[in-house]
Amino acid sequence: MPAASADTVVTRFAPSPTGYLHVGGARTALFSWLLARHAGGAGKFLLRIEDTDLARSTEQATLQLLDDLRWLGLHWDNAADLVYQSRRKHVYDAIIESLVQRNLAYRAYETPEELDLLRKAAEREKRQFVYRRRDLSAEQVKQFEGEGRPHVVRFAMPVKEYRFHDEVLGKEIVLGPDEVQDFVIKKADGMPTYHFAVVVDDAEMRVTHILRGQEHTKNTFLHIALQEALGYPRPTYGHLPIIMNLDGSKMGKRDRDKKIRAATQLHLKNTRQSPSDVAAAASVAVSHFEEWLNNASKQLDLPEQSALMHVIGMTESDLPEILVHDFRRNGYFPDALLNFLALLGWSPGGDRERMTMTEMTELFSVAGIGKSNAKFDRAKLLAFNTQHGEATPAPQLVPAFRAYLEVNPDSPLQRASDDQLVKLLEMKKGFRLLREVDEASRFLFVADDQINYDPDAVEKVLRKNDRQGVTVLQELGDVLPNITDWRHETIEKIVQQYCDQKQLGLGKVAQPLRVAISGGTVSPPIFQSLDFLGRESTLARIDRCLGTAVY
RNA sequence: GGCCCUGUCGUCUAGAGGCCUAGGACACGGCCCUUUCAAGGCCGCGACACGGGUUCGAAUCCCGUCAGGGUCACCA
């Protein structure tokens, strides 16, 4: 394997498609992407799908992964020949065979149960379990093979001290000879293990720099041992600290599922509904539902989750955002997310925080990556998102808005034109999430007779204080039709005149109007909303409100 | 438990022996602005885990304690 020339930087992101992309994975991808892009023309960012676990990998997860990466804008350079490990079995087989030929690897016949017993015994004796080659007699091998006993192939890891320099930690990490053991490189199902496939693929893809999670630090020794046996060059390694929840717990993909399960159990208890009722309402198979309910290791898939949430009255905001997909659905901007994620563990130094992708690319260096774990504080991410929305001209925000709507098919804003989207964005200037813009302006996209009046809003704004709000609406119902020039400036002028005349604060007038046209107490600025709605709809809604909601 | 890594405001971090009575951002508290929700402006609260060294001098170097994390798979 020829070594890459010294100045090239080839990085890779190698997720296993067992679910949606996690923010931790997104950060790993980002750092690898930044490292490659920082090198300019000499840099390449490659993508590889690690689907050697046949039982857990799915095609759908792969598609979702690619979609998330695209949404983030972390484009990979091997789009034409994306590497799927599951399709390279013959390559691994040949190399493993050669290792066996050279006596550097061998078949082992213990069953998982037997190994388990050995480990337990070691634990009882308070000694470290280390698997080393057991010399089997020719007869034993013959017998095992004759029985058709399944086998794995283990790599005979040379017993010695291993060390490598970790670029993130900035120091040498050492493994003593007594910790060395022979590890599996080919599973009983014939697939290579992760350890084997990464080493081969990273070498064949000429990867020069590997940035990955800290959980891989110790694995690195296995990988360098394999590289030495196979004559591969050793890439540069850096292990990233972990991202955790604010409370210090691990940020697991299952956090949302857990929360939904807890809420469901509470719901069942409070409403005395039977599990089968709830399952039916959410159109989930009862047996599947009950299994999930009682078994924390089971998970519902995304459509099932949203159906169930709807049934038990849970909303998206009740759930923690863990997956990149969650952030997209809730209306975060990819650049804001990425900027925030980058700062979880990396700093360009000084007071620098807000950066464009281009700036981050210029400033990025592995030396700037921190060594300690970081907690994921959504409040700060929200602030980043708000600032991004504030700083970017509305027309440039439209593609992001569309990307949001793409994963929120139920929003009435699907019907909005680009120009209307721009208008909404401008009206809601100062919004934190695109979801807020969406939810606050949905009333503008439903039919006049489909507005639902919030009883609390009606009570508080219209009926209270001797139905002052009702009076205001009735009087406005006489004033507003006279406006021929239906623009927000004009409407404001007329309404302001009305206020002055009646000695009323604007709030006393704006709120009843807001309830009448939107059904609730929160909307974009009132005059712009009226402008957007148009004269006919405004008058129709005031009429309907007076007629149906108040009495 | 063994091995490995880490430890600056509530959170993310700046800091590479004197520039530090430790800077920024978010959060939080107060005030202002305001037609709702936001946004915005100003002010404030707030940290070098602890104990020993080394040094004229330590957040920065060394040791120990404590705390947190990772890992001990035919999962990646």
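Which side chain meets Glu321 in a salt bridge? In this predicted model, the partner is Arg378, with 3.2 Å from N to O. The pair ties together distant parts of the chain: Glu321 lies in the loop between helix 11 (302-312) and helix 12 (324-329), while Arg378 belongs to helix 15 (residues 378-391), 57 residues apart. Glu321 is buried, at a relative accessible area of 7%, whereas Arg378 is partly exposed at 22%.

Let's look at some other charged pairs. Side chains of opposite charge can pair when their charged atoms come close. The model holds 36 salt bridges, and one of them joins Arg463 and Glu459, 4.0 Å from N to O. Elsewhere, shared partners link Arg12, Arg48, Glu50, Arg88, Asp201, Asp202 and Glu204 into one network of salt bridges.

Arg56 and Asp53 form a further salt bridge, at 3.1 Å from N to O. Here Arg56 is exposed, with a relative accessible area of 52%, and Asp53 is partly exposed at 28%.

Three of them make an open, antiparallel sheet in the order 4-5-8. Strand 4 (105-108) and strand 8 (183-186) are the edges, each pairing on one side only. On average, neighbouring strands in this sheet are turned by 45° against each other, direction ignored. Strand 5 (residues 152-155) pairs with strand 8 over three bridges, and Phe155 has Phe183 of strand 8 as its bridge partner.

Key: Residues numbered from 1 in each chain as written. Chains lettered and ligands numbered in written order. Predicted model: local features only at pLDDT ≥ 70, side-chain atom pairs only at ≥ 80, totals over all residues. Heavy atoms only, no water. Pairing = 2+ DSSP bridges. Helix = DSSP H or I, 4+ residues; strand = E, 2+ residues; numbered from the N terminus. Axes fitted to C-alpha atoms, helices over the stretch in contact; angles between N-to-C directions. Buried < 20%, exposed > 50% of the residue type's maximum accessible area, 1.4 Å probe, protein only.
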